[in-house]
Amino acid sequence: MTALTSDTVGFSAERYAKHGDHSSVIVGGGFAAIDEDQRIGNPMKTRVRKAVFPVAGMGTRFLPATKAIPKEMLPVVDKPLIQYAVEEAIAAGIDHFIFVTGKAKTAIEDHFDFAHEVENRLKQSGKNSQISVVNGWVPKPGQIAYTRQPDAKGLGHAVWCARDLVGDEPFAVLLADDFILSDIACLKQMVDAQATVGGSLVAVMEVPRDQTGRYGVLDIAGETGKLVSARGVVEKPKPADAPSNLCIVGRYILQPEVFGFLENQGLGAGNEIQLTDSFKPLIDSGSPFHGLRFDGKRYDCGEKVGWLEANIAVALSRPDTADAVKQILRGYC
């Protein structure tokens, strides 16, 4: 079992405080300026510094819990899913966080604000060590932006809604309910790989062939170690039609050209605008596209059992909860 420490998700308050000194600058039209030292020659290899978090989904699988609470705020032990995702992005060097929200999602905005009342109460109670737990990880003012997805038209549409905030540079997309535990943060692994190969890159894992209908599946062109080059992606194919069993999980690094393809894209699987449907024209345009077999374990927290398993895995990895949880589990096994 991987121990869950600050290194596991790649986050530390000290590292982020230093990193936050280079927060992005918002300029006219909602775009963020790119400093000259952030360019590394090839525009396909510009440093990835922005991340999009699609958080407008209703979370119907968790009703009635999600009737008033965003599914992204469901806790894994004592932190909400969305906080884990943001901390993973920070570990990867991201310094601009873009949330695509919907109705009844204001709890997410409140969570990423400074809780001065709670901080003052903790000070009055002499619980100074807990203040960093409440406010120490919050991105600095100007580093978070919110935009609305007015209609539930799918992941592709949600990403497209962030186009003006992303601007003309590569960006990451993280789905909070794909919870990944790893010694090196999954997105950090991806950013390092993308800096070498350029273009777009997605996190992938092998699944049983009878489960391909739940994922976007790579059509593999070649493999080099953990990197896989793709000639296309098929969204939720039947097992007999799947080009492979190598499937995308909720981590992406994409080139900004994807917005143009999403702009003119029709409805796909599930009568929604699918993000994966934009990948074929992106690949056909000559842009490199790779999958990375990341090191780590993914938990599907969009499902009840996956969310419960993630809670158990994290609790067993923490010294403050491991022994008690082991004792509890023995009573059921």
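A: Start with one term. Buried means under 20% relative accessible area, exposed means over 50%, and partly exposed is in between. By that rule Arg 298 is buried, because its relative accessibility is 17%. Keep in mind that this is a predicted model.

Q: Okay. How much of the protein counts as buried?

A: Of its 333 residues, 49% are buried. The accessible surface is about 15,700 Å², and carbon and sulfur atoms hold 53% of that.

Q: How many helices and strands are there?

A: There are 12 helices and 13 strands.

Q: Take contacts between residues at least 6 apart in sequence. What share joins residues at least 24 apart?

A: For those contacts, the share is 75%.

Q: Back to Arg 298. Which residue does it form a salt bridge with?

A: Its partner is Asp 178, and the closest N and O atoms are 2.7 Å apart. Asp 178 sits in strand E7 (residues 178-181) and Arg 298 in strand E13 (residues 297-300), so the bridge ties together parts 120 residues apart in sequence.

Q: And Asp 178, buried or exposed?

A: Buried. Its relative accessible area is 7%.

Q: How many salt bridges does the whole structure have?

A: A search of the whole structure finds 19.

Q: Show me another. What does Arg 293 pair with?

A: Arg 293 pairs with Glu 223, with the closest N and O atoms 2.9 Å apart. Arg 293 is in strand E12 (residues 289-293) and Glu 223 is in strand E9 (residues 216-224), so this pair ties together parts 70 residues apart in sequence.

Q: Which residues are linked in a network of salt bridges?

A: Arg 47, Arg 49, Lys 50, Asp 95 and Glu 169 are linked that way.

Q: New topic. How many residues of helix H2 are buried?

A: 11 of the 11, so helix H2 (residues 81-91) is largely enclosed by the rest of the structure. Among the buried residues are Leu 81, Tyr 84, Glu 87, Glu 88 and Ile 90.

Q: You named Glu 87. What does its side chain meet?

A: It meets the side chain of Lys 79 in a salt bridge, 2.7 Å from N to O. Glu 87 counts as buried because its relative accessibility is 3%.

Q: What comes just after H2?

A: Gly 93 does, with a positive phi of about 95 degrees.

Q: Which residues other than glycine have a positive phi?

A: Val 77 is one of them, at about 65 degrees. It lies in the loop between E2 and strand E3 (79-80). Val 77 is partly exposed, at 30% relative accessibility. Ala 104 is another, with phi near 65 degrees. Ala 104 belongs to the loop between strand E4 (96-101) and H3. It is exposed, with a relative accessible area of 54%.

Q: Which peptide bond is cis?

A: The one from Leu 63 to Pro 64, where omega is near 10 degrees. Pro 64 is in the loop between strand E1 (50-54) and strand E2 (75-76).

Q: Let's look at the surface. Which residues gather in a patch of negative charge?

A: Glu 109, Asp 110, Asp 113 and Glu 117 do.

Q: Pick Asp 110. Where is it, and why does it count as exposed?

A: Asp 110 is in helix H3 (residues 106-111). It counts as exposed because its relative accessibility is 56%, and the cut-off for exposed is over 50%.

Q: How many residues along the chain separate Gln 211 from Pro 237?

A: They are 26 residues apart along the chain, and their C-alpha atoms are separated by 9.3 Å.

Definitions and conventions. Residues are numbered from 1 along each chain as its sequence is written. This is a predicted model: local features need pLDDT of at least 70, side-chain atom pairs count only at pLDDT 80 or more; totals for chains, interfaces and linings use all residues. Side-chain values use heavy atoms; hydrogens and water are left out. Patches are made of residues with over 30% relative accessible area and no salt bridge: like charges are joined within 9 Å, nonpolar side chains (Val, Leu, Ile, Met, Phe, Trp, Tyr) within 5 Å. Accessible areas come from the Shrake-Rupley method with a 1.4 Å probe; for residues, only the protein chains shown count as cover. A salt bridge is a side-chain nitrogen of Lys or Arg within 4 Å of a carboxyl oxygen of Asp or Glu. Lys and Arg count as positive and Asp and Glu as negative; His and the chain ends are not counted. The place of a charge is taken as NZ of Lys, CZ of Arg, CG of Asp or CD of Glu. Helices (H or I, at least four residues) and strands (E, at least two) are DSSP runs, numbered from the N terminus. Buried means under 20% relative accessible area, exposed over 50%, partly exposed in between (1.4 Å probe, protein chains only). Contact means heavy atoms within 4.5 Å.
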